[in-house]
Amino acid sequence: MTLLAVSGLAKRFGGNAVLAGIDLDIEKGERIAVLGASGSGKSTLLRCLNFLEIPDAGSIALDGKLVGRGERELVQVRQRVGMVFQQFNLFPHMTALGNVMEGLCTVRRLARPEAQARAERELARVGLADKTAHYPAHLSGGQKQRVAIARALAMDPELLLFDEPTSALDPELVGEVLGVIRALAEEGRTMLLVTHELGFAYHVATRVIFLADGAIHEQGTPDEVLKHPKRERTQAFLARHKEFSL
Amino acid sequence: MAQWDFSSVLANSDALLVGAVGTLRIFAICLVAGLGLGLLIGLGRYSRRRVFYWPATAFVEFFRNTPVLVQIVWFYFALPILAPFTISPLAAAALGISLNSAAFSAEIYRGGIQSIERGQWDGARALGMSFLQAMRRIILPQALKRMTPALTNRAIEIFKMSTLASAVAYVELLQQAKLIASLNFNPIEAYTAVAVIFFVFLWPLVQLTYLLERRLARDE
């Protein structure tokens, strides 16, 4: 069943067409890895899907219903589509627990005890049960990103967007974050993941999309796209990525 | 060489006390009204919507570029001619000082809000927060912390600007000193006493704000 149907999505910044007509159907339970060189429009695609950027053209349907008009509707869509950012974007004036409770209290209007119980569960799930009282400044990058994942999960989103969740992390911290994302994958969550971790994409994604010049250049199973790419630009991209691998 | 003799000032300490109460009253009014209205106008200046941006900008430019003393005198002497009501010295002075402070603090609020990284907005919006929820819960608490030094400066300015209310004979410290000086022919002692009283009020307050700033800097 199609959860999110994207059609003809386009976005320009100034004279620069960053997205030039994207058609993409995301089925429930799918895990899509989005690859592409920098500037290919990966982040903009993600940001358009929850309307952090307002698309210039095209349509987005969530559960068969067209969405995207009016602030009230956008706010509702964002509650159903969670997002995890490269730079975490945790709220520095709140503890880990406060960060995870925030959406529940302010947006969902849950009572504080209920929100706190929920937030503690989510933090335990990402392995941070002992860090609930810590402020972001006192957490490592990997811990921050796991708090950010717990914050998104607490809203119980139908679709999770990950925008290069490990790109800002020291190499030795990447594993703990990828481990959490893989656990979510195993729960059958629907997710769209922009990443440069090709190995992770290969093992966890159900579909891989290669973006170039703001359009889907090639897509297919991880094996098709990552092991046997058909198109030249995909091949060149993968060759560059594998140049220094062991 | 004049002889310093504070006995005539001390003899009128009850008058100065009445003045001090008047000073504190107008300070409290202008602090709340000026910094409160300033936040609304600052939000207007931050807004991309013209209906908010232009009136807020006009307000800021007008009150930043006219002297407070002229505004106070205008509200007291000119407004009652134009409008069918009289206005008390307190109201005229509080209006002038509050509106002026609102204009200056609006720019502090705007700058503080603009200094918060875009990622904070993204984080808040991605949770489904409305503009006002994100502003109230995420942006303002962080911005206010950064604005604290500038806002405490404003508060100190407001405290000292209260003496301008004497221009319309509002009973505050300077007005009472004028009265004492004219009755006892002791301007040196009377006005020195006012300066000292202001210093004694403000100096500990300023030290407290330094302490507060250091506290906030440590929490970052």
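## Basis of the description

A polar contact is a pair of N or O atoms within 3.5 Å; within protein, one atom must be able to donate a hydrogen and the other to accept it, and residues adjacent in sequence count only if both atoms are side-chain atoms. The structure is a predicted model, in which local features need pLDDT of at least 70 and side-chain atom pairs count only at pLDDT 80 or more, while totals for chains, interfaces and linings use all residues. Residues are numbered from 1 along each chain as its sequence is written, chains are lettered from A in the order in which they are written, and side-chain values use heavy atoms, with hydrogens and water left out.

## Architecture of chain B

Chain B comprises nine helices and zero strands, where helices (H or I, at least four residues) and strands (E, at least two) are DSSP runs numbered from the N terminus. Along the sequence, the pattern of chain B is α-α-α-α-α-α-α-α-α. Taken along the principal axes, the C-alpha atoms of chain B fill a box of roughly 70 × 50 × 25 Å.

## The interface between chains A and B

With contact defined as heavy atoms within 4.5 Å, the interface takes 24 residues from chain A and 18 residues from chain B. The area buried between the two chains is about 1700 Å², and carbon and sulfur atoms give 56% of it. Buried area here is the accessible area (1.4 Å probe) that two parts lose on being put together, summed over both. Arg125(B), Ala126(B) and Leu127(B) supply 33% of the area that chain B buries against chain A, more than any other three residues.

Seven residue pairs (both at pLDDT 80 or more) are in polar contact between chain B and chain A. On the side of chain B that touches chain A, the elements giving two or more residues are H6 and H7 of chain B. H6(B) gives the most, with eight residues. That side of chain B divides into six nonpolar, seven polar and five charged residues; Ala, Val, Leu, Ile, Met, Phe, Trp, Tyr, Cys and Pro count as nonpolar, Asp, Glu, Lys and Arg as charged, and the others, Gly among them, as polar.

## Salt bridges

Side chains of opposite charge can pair when their charged atoms come close. A salt bridge is counted where a side-chain nitrogen of Lys or Arg lies within 4 Å of a carboxyl oxygen of Asp or Glu. Four salt bridges are found between chain B and chain A. In one salt bridge, the side chain of Arg137(B) meets that of Glu102(A) at 2.7 Å, N to O.

Over all chains, the structure holds 22 salt bridges. Asp56(A) and Lys11(A) form a salt bridge through their side chains (3.9 Å, N to O). Asp56(A) lies in the loop between helix H1 (42-49) and strand E4 (57-62) of chain A, and Lys11(A) in strand E1 (residues 2-13) of chain A, so the pair ties together parts that are 45 residues apart in sequence.

## The largest pocket

On a 1 Å grid over the protein atoms alone, a pocket is an open set of points with protein on both sides within 12 Å along at least five of seven lines, whereas a cavity is a set where a 1.4 Å probe fits but cannot get out; lining residues have an atom within 4 Å of a point. Grid points are joined across faces, edges and corners, and a volume is the space filled by probe spheres set on the points.

The largest pocket has a volume of about 950 Å³. Its lining has 22 residues, of which Tyr46(B), Arg48(B), Trp121(B), Arg125(B) and Phe131(B) lie nearest the centre. Two or more lining residues come from each of helix H2 (71-80) of chain A and helices H2 (13-46), H6 (118-126) and H7 (131-161) of chain B. By class, the lining has 11 nonpolar, two polar and nine charged residues.

## Cavities

The whole structure has two cavities of 30 Å³ or more. The largest cavity has a volume of about 70 Å³, and its lining includes Arg78(A), Met83(A), Gly123(B), Ala126(B) and Leu127(B).
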